[in-house]
Amino acid sequence: MEKTQTDRRENLLFIAWAASILAMFGSLYFSEIRQYEPCELCWYQRIVMYPFAVILGLAVIKKDYRISLYTMVLSAVGAGISIYHYSIQKISFMADHAAACGRVPCTGQYINWLGFITIPFLALTAFIIIFICSYLVWKKTKEVAE
C-alpha cells in the first residue's frame, strides 16, 4: 500500500477523534460552566459520544483502522438520537406529541444560534463527522484488504 493511503486513514481517524473531543468538552462546558442541566436525550447522546474520545484516541495511537466499523455504527445510533431530539425542538408537531422527558424538558433550547443551531444540532454535527470519517476509513481498509 502506498504511503498516501495510510496517511489519509490516519488523518481521517484523527479528525473523527478531534470531533469527539470537541463534542465532549463542548457538552461539559454547557453543563459545568454555563450550568445548563442536560435533559434525558442529551444524556443518551453523551453516553454514545464520550467513549469515542477514548476509543478513537486509542485507534489513532495504534493505527487501528478496524475500529471504523464500530464507530460508524455507534455514530449512526448517536445521530439518530440527535435527529429525534432536534426534531422535537424544532418541529411543532413533534414537540406537541413528544413524551415527557424528565425534570428538564427535551424540547427546551438553552441555545438557539442563528435560529437553528441548538445543542442537539451540535451533537448531530459531531456524529456526522465521525460517521463520514469512519465510513471513509472503513472503505479504504476494505480496498487495501482486497
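This is a predicted model: local features need pLDDT of at least 70, side-chain atom pairs count only at pLDDT 80 or more; totals for chains, interfaces and linings use all residues.
**Exercise 1. Determine the helix and strand content of residues 12-31 and the distance between the end C-alpha atoms.**

Solution. Step 1: over residues 12-31 the chain is 100% helix and 0% strand. Helices (H or I, at least four residues) and strands (E, at least two) are DSSP runs, numbered from the N terminus. Residues are numbered from 1 along each chain as its sequence is written, and side-chain values use heavy atoms, with hydrogens and water left out.

**Exercise 2. State which residues the UniProt record annotates as "transmembrane region", and describe the chain over residues 68-86.**

Solution. Step 1: the unreviewed UniProt entry places this annotation on residues 12-31, 43-61, 68-86 and 113-138. UniProt positions are given in the numbering used here, feature names are shortened, and annotations may be inferred rather than shown by experiment. Step 2: residues 68-86 are 100% helix and 0% strand. Step 3: the end C-alpha atoms of residues 68-86 are 26 Å apart.

**Exercise 3. Give the order of the elements in the protein and describe the protein as a whole.**

Solution. Step 1: there are five helices and zero strands, and from the N terminus on the order is α-α-α-α-α. Step 2: along the principal axes, the C-alpha atoms fill a box of roughly 55 × 30 × 25 Å. Step 3: of the 146 residues, 38% are buried. Buried means under 20% relative accessible area, exposed over 50%, and partly exposed in between (1.4 Å probe, protein chains only). Step 4: among contacts with a separation of 6 or more, 75% come from residues 24 or more positions apart. A contact means heavy atoms within 4.5 Å.

**Exercise 4. Locate Ser20 and Ser27, and list the contacts of each.**

Solution. Step 1: Ser20 belongs to helix H1 (residues 3-33), and Ser27 also lies in helix H1. Step 2: Ser20 has a relative accessible area of 0% and is therefore buried. Step 3: Ser27 has a relative accessibility of 13%, so Ser27 counts as buried. Step 4: leaving aside neighbours within four places in sequence, Ser20 is in contact with Met49, Phe52, Ala53, Leu56 and Ile130. Step 5: not counting residues up to four places away in sequence, Ser27 touches Arg46 and Tyr50.

**Exercise 5. Decide whether Cys42 is in a disulfide or in none.**

Solution. Step 1: a disulfide is a pair of cysteine sulfur atoms within 2.5 Å. Step 2: a search of the whole structure finds zero disulfides. Cys42 is in none, and the nearest cysteine sulfur, that of Cys39, is 3.6 Å away. Step 3: Cys42 is buried, because its relative accessible area is 18%. Cys133 is likewise buried, with a value of 6%.

**Exercise 6. Describe the position and contacts of Tyr110.**

Solution. Step 1: Tyr110 lies in the loop between helix H4 (92-96) and helix H5 (119-145). Step 2: with a relative accessible area of 42%, Tyr110 is partly exposed. Step 3: not counting residues up to four places away in sequence, Tyr110 touches Tyr36, Glu37, Val104 and Ile119. Step 4: Ile81 is 29 residues from Tyr110 along the chain, and 18 Å separates their C-alpha atoms.

**Exercise 7. Examine the phi angles of Gln35 and Leu114, and locate both residues.**

Solution. Step 1: Gln35 is not a glycine, although its phi is positive, at about 65°. Step 2: Leu114, also a residue other than glycine, has a positive phi near 60°. Step 3: Gln35 is in the loop between H1 and H2, whereas Leu114 is in the loop between H4 and H5. Step 4: Gln35 is exposed, with a relative accessible area of 59%. Leu114 counts as exposed at 74% relative accessibility.
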